[in-house]
Amino acid sequence: MSATDTDAAARAGALLQRIGGSSPLGEWSAPGRVNLIGEHTDYNDGFVLPFAIDRRTHVAVAGRDDGVIRVASTVTRDDVEIPLADLPALFPSRGRVPEWTAYPLGVAWALVAESGVEHRDLRGLDIAIASDVPVGAGLSSSAAIEGATAAALNDVWELGLEPTALARVGRTAENDAVGAPTGIMDQMAAMLGRTDAGIFLDCRSLEATVVDLGFAAAQLDVLVIDTGVKHSHATGGYGERRSSCERGARAMGVSALRDLGVDDIARAADLMDEVTYRRVRHIVTENQRVLDTVRTLRAQGAGAIGDLLLSSHASMRDDFEISIAELDTAVDAAMGAGAIGARMTGGGFGGAAIALVPRVRVASTMDAVAAAFAASGFRAPTMFTVTPSEGARRDA
Ligand code: ADP
Ligand code: MG
């Protein structure tokens, strides 16, 4: 456990006491994630390669005998207490509870549906939540809170669901209780993560494979450079990219762009307008880059994947057009300072970049990025390293 980890665990425990949780049942946690490569490929039935990070959301749980579930978090005073029997009436409709509570309560609601048990057979609970995952920084604090809650309820209620089923429960909570139309990548990473490994996910079959990253042996660190720029065009831009991909797939006569290989790209040029063509080219080449990254990691090790990360960034900048000046500056400055690869990560239009950096160069890379941001008049970015870590687990 890292120092911050212990801290969030302690804060969750203290909060549980404060809200009067009198018969503690245990403590669980789940991590945030970084996507190493494979951007916007998920909704094209393609491939992604995220890893769980060493920043986690912790839940401390106590039993209660009145059939009521209560959720409380250190980041807000908006607790909610509700009879478990009322959950089916609460969702999927939105806005009846404070938004943050739709994550843990949505997990409880979706778990019951997934496992087929009756609400009246379930024990009431007090759930206290504290986190080290920065919220809204693109590290998926949402999958972390879902994963920690799902792991806890699965154990306490003895539902016996597998981690992949718990990932599905997290996505259902996020899609139908919160109302955010996301894929399942984040939840799979939060549930299945392993030390120094990535989760290679086929978004069509949902088959997940643990792939050794070998960052530790290669003395490589992943530096997160959070631009602090909120995704102001994210909703519109995301929808527009999705429609382009659907249009491109129709023009090519396939059900999803996943069904195309790089050899098909030349043919695409004649079948669609120039912008759609570039959108298609990003998805098709990005899928190939995920496959190449997995192959390269296995054959040559982490030191050899830098160029794939860089071409991924160039493709998002030039073909998919979802980067911004701050992200390009972060990538260029990190490369200039000795990173072996760098790319924006997440949906784009803001958020964070990652750089794969030899450990001895992390400090100088951070200095170089900070200087480049200052020279361009950008707000100073937030920077920290992350380590590929374990998925959801019981801690106590
Ligand atoms: P991201 O997943 O990139 O951090 P999201 O908007 O998907 O951003 O999810 C963030 C939301 O998840 C927060 O606005 C809040 O509603 C909820 N959330 C995450 N962590 C916590 C926490 N520790 N306590 C309460 N709510 C949280
Ligand atoms: Mg999220």
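This is a predicted model: local features need pLDDT of at least 70, side-chain atom pairs count only at pLDDT 80 or more; totals for chains, interfaces and linings use all residues.

Reader: How do I read the angle between H4 and H5?

Author: Angles from 65 to 115 degrees count as roughly perpendicular, and those over 145 as roughly antiparallel. The axes of H4 and H5 (residues 163-178) cross at roughly 125 degrees and come within 9 Å. That makes H4 oblique to H5.

Reader: Which residues make the contact?

Author: Look for C-beta atoms within 7 Å of each other. H4 brings Ser142, Ala143, Glu146, Gly147, Ala150, Ala151 and Asn154. H5 answers with Leu166, Val169, Gly170, Ala173 and Glu174. By class, the residues of this H4 and H5 contact are six nonpolar, four polar and two charged.

Reader: Now the ligand. Which residues come nearest to ligand 1?

Author: Start with the shell, then pick out the nearest members. There are 17 residues around ligand 1, and Ser73, Trp100, Ser131, Ser141 and Ser142 come nearest. Next, ask which elements supply the shell. Strand E5 (124-131) and helix H4 (141-156) are the elements that give two or more residues. H4 gives the most, with three residues.

Reader: Which domain annotation covers residues 103-193?

Author: The UniProt entry, which is unreviewed, annotates residues 103-193 as "domain: GHMP kinase N-terminal". In the model, that span is 58% helix and 9% strand. Its end C-alpha atoms lie 20 Å apart.

Reader: Let me try another pair. How do H11 and H12 cross?

Author: Take the angle, then the hand, then the residues. The axes of H11 (residues 325-336) and H12 (residues 362-376) come within 8 Å and cross at roughly 135 degrees. H11 and H12 are therefore oblique to each other. H11 passes H12 in a right-handed crossing.

Reader: Which residues of H11 and H12 meet?

Author: From H11 come Thr329, Ala330, Ala333, Ala334 and Gly336. They meet Thr365, Ala368, Val369, Ala372, Phe373 and Ser376 in H12. The residues of this contact divide into seven nonpolar, four polar and no charged.

Terms used: Residues are numbered from 1 along each chain as its sequence is written. Chains are lettered from A and ligands numbered from 1 in the order in which they are written. Axes are lines fitted to C-alpha atoms, for helices over the stretch in contact, and angles run from 0 to 180 degrees between N-to-C directions. Helices (H or I, at least four residues) and strands (E, at least two) are DSSP runs, numbered from the N terminus. Angles under 35 degrees count as roughly parallel, over 145 as roughly antiparallel, 65 to 115 as roughly perpendicular and the rest as oblique. A crossing is left-handed if the near helix is turned anticlockwise from the far one by less than a right angle, and right-handed if clockwise. Two residues are in contact if their C-beta atoms, placed from the backbone, lie within 7 Å. Ala, Val, Leu, Ile, Met, Phe, Trp, Tyr, Cys and Pro count as nonpolar, Asp, Glu, Lys and Arg as charged, and the others, Gly among them, as polar. UniProt positions are given in the numbering used here, feature names are shortened, and annotations may be inferred rather than shown by experiment. A residue is near a molecule or strand if its C-beta atom, placed from the backbone, lies within 6 Å of it.
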